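Keep the sequence and the model open while reading.

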Amino acid sequence: MNDEVTQYINNTAPWQLAVCEKLRAMIHETVPLIEERFQYGKPHFFKNGQYAAVIAVSRNKVSFMVFNAEDIPVVKGFIRALGKGDRKATDIEEGQEVDYDALADILEKTTTAL
């Protein structure tokens with residue numbers, strides 16, 4: 001675990017801290033050899049030196065983004081496309097129910113080929 005990533009997570013609102021900790025644990029459980037780095041002001045996660053995921057916190061939400069996601073369908077209200085569709089993201093707001101298992105399935109699919 002990267003200390004800068006830990007500091008980033010610890011400096012968030014209590015509800016965001018809980019979401020970030022669950023996302024971080026889910027990432028490590030889903031991709032055991034994942035590497036954490038603090039880049040561009042956010043926690044980034046790499047598998048074999050390639051971008052796998054990002055956690056980003058803003059005032060009202062926590063965003064979770066995966067890379068290599070061309071084959072992941074957009075689901076309105078759950079996951080949206082970014083860029084040319086090679087990235088997918090979900091935004092989590094306070095009090096929102098989060099399907100961490102579904103996010104883990106997406107992460108597993110997007111990191112298998114890395």
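## Strands β2 and β3

Strand β2 and strand β3 (residues 50-58) run antiparallel and are joined by four bridges. Two strands pair if DSSP finds at least two bridges between them. His44 faces Val54 in β3. The two strands form a hairpin with two residues between them. In that turn, Asn48 has a positive phi of about 55°.

This is a predicted model: local features need pLDDT of at least 70, side-chain atom pairs count only at pLDDT 80 or more, and totals for chains, interfaces and linings use all residues. Residues are numbered from 1 along each chain as its sequence is written, and side-chain values use heavy atoms, with hydrogens and water left out.

## The other side of β2

Strand β1 (residues 35-39) is also antiparallel to β2, through five bridges. Phe38 stands opposite Pro43 in β2. This pair of strands is a hairpin too, with two residues between them. Tyr40 sits in the turn and has a positive phi of about 55°.

How many of the six residues of strand β2 are buried? Five are, so β2 (residues 42-47) is largely enclosed by the rest of the structure. Buried means under 20% relative accessible area; exposed is over 50%, and partly exposed lies in between (1.4 Å probe, protein chains only). In a regular strand, side chains alternate between the two faces of the sheet.

## Strands β4 to β6

Strand β6 (residues 87-93) pairs with two strands described here. Six bridges link it to strand β4 (residues 61-66), in the antiparallel sense. Met65 stands opposite Ala89 in β6.

Three bridges connect β6 with strand β5 (residues 80-82), again antiparallel. Ala81 has Lys88 in β6 as its bridge partner. The hairpin of β5 and β6 has four residues between the strands. Gly83 takes a positive phi near 60° there.

## Gln16 in helix α2

Gln16 belongs to helix α2 (residues 14-30). Is Gln16 buried or exposed? Gln16 counts as buried because its relative accessibility is 4%. Neighbours within four places in sequence aside, Gln16 is in contact (heavy atoms within 4.5 Å) with Val57, Ser58, Arg59, Asn60, Lys61 and Val62.

Gln16 and Asp86 are 70 residues apart along the chain. Their C-alpha atoms are separated by 26 Å.

## The chain as a whole

Three helices and six strands make up the list of elements. From the N terminus on, the order is α-α-β-β-β-β-β-β-α. The C-alpha trace spans about 35 × 30 × 25 Å along its principal axes. A compact globule of 114 residues would have a radius of gyration near 13 Å, and the chain agrees, with 13 Å. That radius is taken over C-alpha atoms; the globule rule is 2.2 Å times the number of residues to the power 0.38.

Buried residues are 43% of the 114. Of the contacts with a separation of 6 or more, 49% join residues 24 or more positions apart. The chain exposes about 6600 Å² (Shrake-Rupley method, 1.4 Å probe). Carbon and sulfur atoms supply 48% of that area.
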